[in-house]
Amino acid sequence: MIIQGMLGLGDNVYQRAFIKKIQKPVYLETCWWQFYKDIPGVELIKPTTRLRTQNKNLEKAPESVWTRKQRFAMGYNNQRVFYGTSGILDGMRRSLRVDPATIDLPDFGAPLVEGKYAMIRPVTIRKEWQNEARAPLPEYIAQAMQILRDEGYLLVSVADLEDEKEWLVGEYPDADFVFHKGELSLEQLMALSAGASVIVGGVGWIVPVGVAYNVPTWIIGGGHGAFNAPELLLPKHQPHKVSFILPGKYCRCREHHHKCNKVIKDHEQKFTRWLRG
C-alpha cells in the first residue's frame with residue numbers, strides 16, 4: 001500500500017498509531033520521518049510541500065531515509081489519509097480501515113534542560129494556516145506560567161517564529177529557556193516534551209505528544225470547536241494525562257477567523273487545583 005500521509009507534526013503522531021497496525025510492507029509519504037524509523041516494514045517516500053516547518057525538517061533528513069525501491073510506484077494501492085469533521089482518530093480509522101495501536105513515540109534521548117520544568121507553547125499564528133479562532137487567549141498561558149514559577153518549575157518556551165510567517169500573540173513569555181526561532185531539531189523537541197513535568201498550551205501538536213509520552217498536559221481551549229473539541233482529539237482506547245479547559249461559551253464554529261468567545265472563568269484557580277493534583 002502507498003499511503004499519502006498528512007503533513008502536520010501532530011497529525012503524524014496520531015498517524016503513527018495507525019501505521020503500526022497496517023499490514024506491511026507499506027510505503028508512506030511523510031515529512032516527519034523520525035516518527036517511523038523504528039517500525040519494521042515501513043518504506044518512506046519524500047513528499048513535496050510548500051509548508052515552512054515541514055520543509056525545514058525535510059532538509060535535515062539524510063537521503064538514506066527515503067526508499068530506493070522503485071516498485072513502490074506501481075502494483076500497490078494508493079490511500080490518502082484524511083479525517084474531515086468527525087475527529088482525527090475516527091477519520092483516520094475510516095480512511096486507513098484499521099484501528100489504532102497505542103499512541104506512542106520513540107525515545108529521542110535526554111532533554112536539553114534538566115530538573116523540574118514545564119514546557120510552554122505560547123500562542124502563535126502562522127500565515128500559511130492562519131487560524132485565529134482556534135488560539136486561546138494568551139493571558140491564560142501567562143497565568144499558568146506565573147503559577148508554575150511560584151510552584152518551583154523552570155519554564156521552557158518553544159516556538160518557530162519568523163517575521164511575517166509566524167508571530168506571537170500577546171506579550172513575550174517570561175521563561176527561563178526560550179527556543180523561539182525553530183532552533184530545536186524534532187529530536188530535541190520531542191526529548192524536551194518527554195522530559196517535561198508539565199506541558200501547557202493551546203490545541204496543537206502538544207495534545208498527541210502529551211498522550212504519547214504520558215505527560216500531564218494542560219490544554220487551554222480557544223474556539224473553532226468543530227475540529228478542536230477534546231472529544232475529537234483525545235483517544236478513548238488508552239489512558240493519558242491530557243486535560244482540557246474550555247471557555248464557558250465554547251464556540252464550535254468551523255471558521256478560522258470567527259470572533260469566538262474565549263473567556264474562561266476562574267482559570268487561575270482551576271489550573272492551580274489541577275497542578276497540585
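Helices are DSSP runs of H or I with at least four residues, numbered from the N terminus. In this predicted model, Helix 4, residues 138-150, gives the most to the lining of the second largest pocket.

**Second largest pocket**
- The volume of the second largest pocket is about 280 Å³.
- Its lining comprises 16 residues, of which A142, M145, E171, Y172 and P173 are the closest to the pocket centre.
- Helix 4 supplies seven residues to this lining.
- By residue class, the lining of the second largest pocket holds ten nonpolar, two polar and four charged residues.

- One cavity of 30 Å³ or more is counted.
- The largest cavity holds about 30 Å³ of space.
- Its lining is formed by Y83, G84, T85, G87, I88, A226, F227 and L232.
- Five of the residues lining the largest cavity are nonpolar and three are polar, with no charged residue among them.

**Nonpolar cores**
- The largest nonpolar core contains 60 residues, and F35, V158, M190, L192 and W205 touch the most other members.
- Leaving aside residues up to four places away in sequence, W205 touches L9, G10, M119, R121, V158, L189, M190 and S193.
- A second, separate core has 22 residues, including V123, M145, L155 and V198.

Methods: Residues are numbered from 1 along each chain as its sequence is written. This is a predicted model: local features need pLDDT of at least 70, side-chain atom pairs count only at pLDDT 80 or more; totals for chains, interfaces and linings use all residues. Side-chain values use heavy atoms; hydrogens and water are left out. On a 1 Å grid over the protein atoms alone, a cavity is a set of points where a 1.4 Å probe fits but cannot get out, and a pocket is an open set with protein on both sides within 12 Å along at least five of seven lines; lining residues have an atom within 4 Å of a point. Grid points are joined across faces, edges and corners, and a volume is the space filled by probe spheres set on the points. Ala, Val, Leu, Ile, Met, Phe, Trp, Tyr, Cys and Pro count as nonpolar, Asp, Glu, Lys and Arg as charged, and the others, Gly among them, as polar. Helices (H or I, at least four residues) and strands (E, at least two) are DSSP runs, numbered from the N terminus. A nonpolar core is a set of buried Ala, Val, Leu, Ile, Met, Phe, Trp, Tyr and Cys residues joined through side-chain atoms within 4.5 Å. Buried means under 20% relative accessible area, exposed over 50%, partly exposed in between (1.4 Å probe, protein chains only). Contact means heavy atoms within 4.5 Å.
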